[in-house]
Amino acid sequence: MTDPKPIRTVHRGRIFPDIQWSEEKKSQWKAQQEAFYQRSKVIFDRVKPELIKTQYNWYVAVEPESVDYFTDKDELAAINKSRQHYPNTPVFIFRINETGIAGTI
């Protein structure tokens, strides 16, 4: 007979346990993300009525610092267009429709 294989114990936990964010840092990050979204949403709401007529269900990448936006049928193509003009600047992606939601949950 063969000996049974030993049962391997799986240790679950954080990959880097020494890197922990405090609650203050987490809430600060969330506040920054919300502020970035709000700045982007203002630009999207301004251009949505004209874009919805011609580019319905396309994607728009909004760069709120320069108040610039880039549209394309493909989400990644819109992001790449924005990266050509602003290489190290984050953008927010919206879908050109009534809700503006780009993804599904």
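Biologist: Is Asn57 buried, partly exposed or exposed?

Modeller: This is a predicted model, in which local features need pLDDT of at least 70, side-chain atom pairs count only at pLDDT 80 or more, and totals for chains, interfaces and linings use all residues. Residues are numbered from 1 along each chain as its sequence is written, and side-chain values use heavy atoms, with hydrogens and water left out. Buried stands for under 20% relative accessible area and exposed for over 50%, with partly exposed in between (1.4 Å probe, protein chains only). Asn57 has a relative accessible area of 32%, so the class is partly exposed.

Biologist: Where is Asn57 found?

Modeller: Asn57 is not a glycine, yet its phi is positive, near 65 degrees. Helices (H or I, at least four residues) and strands (E, at least two) are DSSP runs, numbered from the N terminus. In these terms, Asn57 belongs to the loop between H1 and E1.

Biologist: Does Gln55 count as buried or exposed?

Modeller: Gln55 lies in the loop between H1 and E1. Neighbours within four places in sequence aside, Gln55 is in contact (heavy atoms within 4.5 Å) with Thr71 and Ile96. Its relative accessibility is 16%, and therefore Gln55 counts as buried.

Biologist: What is the order of the strands in the open sheet?

Modeller: Strands of a sheet pair through backbone hydrogen bonds, either parallel or antiparallel. Two strands are taken to pair if DSSP finds at least two bridges between them. The open sheet here has 3 strands with antiparallel pairing, and their order is E2-E1-E3.

Biologist: Which are the edge strands?

Modeller: An edge strand here pairs on one side only. This holds for the strands at 68-72 and 92-95, namely E2 and E3.

Biologist: What does the twist average from one strand to the next?

Modeller: Axes are lines fitted to C-alpha atoms, for helices over the stretch in contact, and angles run from 0 to 180 degrees between N-to-C directions. From one strand to the next, the twist averages 25 degrees.

Biologist: Which residue is the bridge partner of Ala61 in E2?

Modeller: Strand E1 covers residues 59-63, and its antiparallel pairing with E2 runs over 5 bridges. Within E2, the partner of Ala61 is Phe70.

Biologist: What angle does the direction of H1 make with that of E3?

Modeller: H1 packs on the sheet, where it touches E1, E2 and E3. Its direction and that of E3 make an angle of about 35 degrees.

Biologist: What angle does the direction of helix H2 make with that of E2?

Modeller: Helix H2 spans residues 75-85 and packs on the sheet, touching E1, E2 and E3. Between its direction and that of E2 the angle is about 145 degrees.

Biologist: Which residues are in contact with Tyr86, leaving aside its neighbours within four places in sequence?

Modeller: Tyr86 lies in the loop between H2 and E3 and is partly exposed, with a relative accessible area of 24%. Tyr86 and Asp68 are 18 residues apart in sequence, while their C-alpha atoms are 9.9 Å apart in space. Asp68 is also one of the contacts of Tyr86, which are Glu63, Ser66, Asp68 and Phe70.

Biologist: How many salt bridges does the count come to?

Modeller: Side chains of opposite charge can pair when their charged atoms come close. A salt bridge requires a side-chain nitrogen of Lys or Arg within 4 Å of a carboxyl oxygen of Asp or Glu. One of them joins Lys81 and Asp72, with the closest N and O atoms 3.1 Å apart. The count by this rule is 4.

Biologist: How far apart are N and O in the salt bridge of Lys26 and Glu23?

Modeller: Lys26 and Glu23 are 3 residues apart in helix H1, so about one helical turn separates them. Lys26 counts as partly exposed at 35% relative accessibility, whereas Glu23 counts as exposed at 58%. From N to O, their salt bridge spans 3.5 Å.
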